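Thanks for coming, everyone. Let me put the structure up on the screen, and then we'll walk through a few places in it together.

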Amino acid sequence: MKTTFSRAFFPAAMILLATLLLVGASFQMMVKSLMTRQVQKNLQDNCATVAELAAAYYTAGTLSRQDFFVTLSVATEVSGADAVICDSQGRLVLCSDAPMGCQHQGMVIQKDYLNQVLQEGIVSDMGVVQGLYAEPRFVVGMPITDVRSHGSVGVVVLSA
């Protein structure tokens, strides 16, 4: 003969388990969304810093000097992101992985992505950077603006 407790235990345990699973799944989705937004915000801040740094070196006319390479390498090492600097035509000029000679130098980024960055000012996305990385990455692009003419002289693309 079953008692009232034994009859009610299994349904109550199943309801509790289903509730815990629902709360756990929603918590996981919230944390993933928060982490994604945080990574994109950090990349945007770092991209703005690298773009300002490149604009300052461009204005001074020293974009190809060794100290810019060192500063870029340190900035990307601290941020944990990879930086790619392209000229206004989209040709890769500098890569943070190997600033003194990267296999990607001379590669051209997609024209539609270049135009989108130049028009919108900052573009955040997630996907594959064709020709550079095979795996999907968080990618942020921002134009390098000349202080004197206020025209775009290039593009910085950060990915992590």
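When I say helix or strand, I mean a DSSP run, H or I of at least four residues for helices and E of at least two for strands, numbered from the N terminus. This is a predicted model, so to speak of local features we need pLDDT of at least 70, and side-chain atom pairs count only at pLDDT 80 or more, while totals for chains, interfaces and linings use all residues. Residues are numbered from 1 along each chain as its sequence is written, and side-chain values use heavy atoms, with hydrogens and water left out.

Let's start with Asp 82, which sits in strand 1, residues 82-87. Is Asp 82 buried or exposed? Its relative accessible area is 18%, so Asp 82 is buried; the cut-offs are under 20% for buried, over 50% for exposed and partly exposed in between, with a 1.4 Å probe and protein chains only. What does its side chain pair with? There is a polar contact of 2.6 Å to the side chain of Arg 137. By polar contact I mean N or O atoms within 3.5 Å, where within protein one must be able to donate a hydrogen and the other to accept it, and residues adjacent in sequence count only if both atoms are side-chain atoms.

Now for helix 2, residues 66-79. Its 14 residues reach 20 Å from first C-alpha to last, close to the 20 Å expected at 1.5 Å a residue; that expected span is 1.5 Å times one less than the number of residues. Phe 68, Phe 69, Leu 72 and Thr 76 are buried in helix 2. Down the helix axis, those buried residues fall within an arc of 100°, so they line one face; the arc is taken from the directions from the axis to the C-beta atoms. They pack against helix 1, strand 1 and strand 2, with contact meaning heavy atoms within 4.5 Å. On the face turned away from the buried side, we find the exposed residues Glu 77 and Val 78. Just after helix 2, Gly 80 has a positive phi of about 80°.

Last stop, the cysteines. How many disulfides are there? A search of the whole structure gives zero, a disulfide being two cysteine sulfur atoms within 2.5 Å.
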